[in-house]
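This briefing is meant for a reader who is meeting the structure for the first time. Please look at the sequence and the model first, and then follow the points below.

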Amino acid sequence: MKKQSKSLLGLLIGVIVLIGCIPAGPCMAKNNSTQINIEIGKKTFKATLYNNKTSRALLKKIPLSCKMSELNGNEKYKYLSYELPTNKKKVKRIKAGDIMLYGSDCLVVFYKSHKTSYKYTKVGHINNTRGLKKALGKGKVKMKFTRIREQSNPNPTTDPNQQANKKLMIKIGDKKVDVSWEENESVGALMDMCKDSPLEIQMSMYGGFEQVGSLGTNLLRNDSQTTTSSGDIVLYSGNQIVVFYGSNSWSYTRLGHITDQDNEGMAELLSQGDVTITISVE
């Protein structure tokens, strides 16, 4: 009888565990990151909350309005009236757009990259930090966190096929050029950056063969050793776009190639001094 009781108990526990693992309702969200909006004045930034206990606990408090205080010229923070689960680690380097938890009750949004010796729990990251510093200003600021309702595909813009009716366009100065874009996650993320308004990038000449400019944020990348040619457009270090009028060998993620300019045309566009490029979705 004792053996039968243990067997029945084991069976009951197994059924309970099995029922608890059925992916229904909120349990489904545990397998995916969650997209939210952060409203700062008239500006709205999309952010991704990571798949961890802290983010899921914070998500239950959303919609959330906070008056954030300024600190150190690189962050806005708010001490919450409740504690959240923690998994504190030394992050060593903060990136602009990082959303962290300091201690168990201090929500922090960083708008400037810097090194740090403090421990934080990672909560999420603002997808595109362009204009973030300006929106936050120098003093206290009100921020509203809201959940994006449509979550069936957590990364809708990383698949270029979903934007089949739209195309990335690029201008070098005032000259519009034709580009054959790669079909990869980096181009999808770049398209996401430009979908609401054109992206202007101040470029700088480098090495006598390229112009390089900062995107102001990090994109998904898949670097590989690459030998470029005139007209190539690549992503360097995840956060810089490079357009070539010569050749170089380095580790890059390919973005595209300018198809309507020969070597002389590219040199004329890029070798006369620093330029501004504008990327838009049409």
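Four strands, in the order β13-β12-β22-β15, make up an open sheet with antiparallel pairing, where strands (E, at least two residues) and helices (H or I, at least four) are DSSP runs numbered from the N terminus, and two strands pair if DSSP finds at least two bridges between them. The model is predicted, so that local features need pLDDT of at least 70 and side-chain atom pairs count only at pLDDT 80 or more, while totals for chains, interfaces and linings use all residues. Residues are numbered from 1 along each chain as its sequence is written, and side-chain values use heavy atoms, leaving out hydrogens and water.

- The edge strands, each pairing on one side only, are β13 (175-177) and β15 (199-202).
- Strand β12 (residues 168-172) runs antiparallel to β22 (residues 276-281) and is joined to β22 by five bridges, and Ile-170 has Ile-279 as its bridge partner in β22.

**Helix and contacts**
- Helix α4 (residues 185-194) lies across β12, β15 and β22, with contact meaning heavy atoms within 4.5 Å.

Technical notes: Axes are lines fitted to C-alpha atoms, for helices over the stretch in contact, and angles run from 0 to 180 degrees between N-to-C directions.
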